[in-house]
Amino acid sequence: LVIDAYFSASKIRWILENVPDARARARDGELLFGNVDTWLIWRLTNGAVHVTDYSNASRTMLMDLGSGEWDQELLDTFGVPRAVLPKIVPSSFVVGVTAAEHLGVEIPIAGIAGDQQAALFGQACFRPGLSKNTYGTGCFALMHTGGRRPVSKNKLLATRAASTGGGAEFAVEGSVFIAGAAIQWLRDKLGIIASAAESGELAASVKDTGGVYFVPAFVGLGAPHWDSNARGMLTGLTAATGRAEIARAALEGIAYQTRELVEAMEADSGEMLKELRVDGGAAASDFLMQFQADILGKKIVRPADSETTALGAAYLAGLAVGFFKGLAEVEQFWRAEKIYEPVMGAGRREELYGGWKKAVARCRFQT
């Protein structure tokens, strides 16, 4: 992983060093660590089960990606005692049952996956080269790489993919910190739109942004830049700039950031994407999805079932308990709701993207 406070290891170390008696309590077995998945399972089982899965453990900066075990060198580096860490299990695996008092009956807990890995599974991206992008508060693009562990040269993140435990499977991931949150900012801070849906209507009311670019680096830039010092910027403003141009620039900024991720994934994998499967709240925007297809020059496919993270978790659990017979059965459930084909000319596409790269450079230069 890129060394960043985005991940768990530095947070654990900070707690152990700054919370009174934390290190002694951890050493004595009185403190346990876990991400949200671990905490939920702990609570649902009344403390009987302390586990996480490979995909969540991939984001702690403490797991050996190849072996799927906690790495002693990393534990020593960060000063994290092994005793505080949960057991790592496959994403599709019966780890225990809920205590009857919570839901009235004991129910197997059988599907565990990180948010984006669950969405990759829910999009039926089980084979190398299949990719998805989730448009939420941020943007998260993942490409399945099969049994080949990716080593990124473009500042993407290697991860274990959610799988059924038949062998290690991997993915490469790119994270954009601010995507849909930029639209919320237009609504809540600037007040230029009344709802997120209005942004697409407003953007479509003008033929272009008039040269305006919006780089939403409110908390720095994620992949492939990983620049925590960068800050947001609106460039190209003139007296002719209005609400519509700014709203359009915000939506286009999401698509430009996604293109950066896709280009990095293609460079790392050596494979060219034929299509990008999409999900998340902002994927409902026809304007954004069409512009995304145009700026990528690739087909965008929106599934009929957009809640792919929940679907992925359900598929993993269903496979673990035998409700589904195998991946082939699950794959049949996936179907496209709408396909967006690129219609923008290559010259215009590269001209717009070139302007974006200049705006990003200015955004980073100011720090």
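View 1. A search of the whole structure finds 18 aromatic pairs, where rings of Phe, Tyr and Trp (its six-membered ring) pair if their centres lie within 6.5 Å, and planes under 30 degrees apart count as stacked, over 60 as edge-to-face and the rest as tilted. In one of them, the ring centres of Tyr-6 and Phe-177 are 5.4 Å apart and the planes stand at 45 degrees, so the pair is tilted. This pair links distant parts of the chain, 171 residues apart, with Tyr-6 in the segment before helix H1 (8–18) and Phe-177 in the loop between strand S10 (170–176) and helix H8 (180–190). Helices (H or I, at least four residues) and strands (E, at least two) are DSSP runs, numbered from the N terminus.

**View 2. The neighbouring rings of Phe-323 and Phe-324**. The ring centres of Phe-323 and Phe-324 lie 5.1 Å apart with planes at 80 degrees, so the pair is edge-to-face. Phe-323 counts as exposed at 63% relative accessibility, whereas Phe-324 is buried, with a relative accessible area of 12%.

**View 3. An aromatic cluster, and charges over rings.** Tyr-213, Tyr-256, Phe-287, Phe-291, Tyr-353 and Trp-356 are linked into a cluster by ring pairs. The charged end of Arg-259 sits over the ring of Tyr-353, 3.8 Å from its centre, and the charged end of Arg-277 sits over the ring of Trp-334, 3.9 Å from its centre; a charge sits over a ring if NZ of Lys or CZ of Arg is within 6 Å of the ring centre and within 35 degrees of the ring normal.

View 4. The axes of H9 (residues 196–204) and H10 (residues 243–269) come within 8 Å and cross at roughly 115 degrees, which makes H9 roughly perpendicular to H10. Axes are lines fitted to C-alpha atoms, for helices over the stretch in contact, and angles run from 0 to 180 degrees between N-to-C directions; those under 35 degrees count as roughly parallel, over 145 as roughly antiparallel, 65 to 115 as roughly perpendicular and the rest as oblique. Residues of H9, including Glu-198 and Leu-202, meet residues of H10, among them Arg-248 and Leu-251, where contact means heavy atoms within 4.5 Å. H10 and H11 (residues 286–296) pack at an angle of about 45 degrees with their axes 9 Å apart, so that H10 is oblique to H11. Their contact involves residues including Tyr-256 and Arg-259 of H10 and Phe-287 and Phe-291 of H11.

**View 5. Helix H8 and its cover.** Gly-180, Ala-181, Ala-182, Ile-183 and Leu-186 of H8 are buried, and what covers the buried residues of H8 includes H9, strand S11 (213–215) and H10. Gly-191, whose phi is positive, near 70 degrees, follows H8.

**Notes to all views.** Residues are numbered from 1 along each chain as its sequence is written, and side-chain values use heavy atoms, with hydrogens and water left out. As this is a predicted model, local features need pLDDT of at least 70 and side-chain atom pairs count only at pLDDT 80 or more, while totals for chains, interfaces and linings use all residues.

Notes
Buried means under 20% relative accessible area, exposed over 50%, partly exposed in between (1.4 Å probe, protein chains only).
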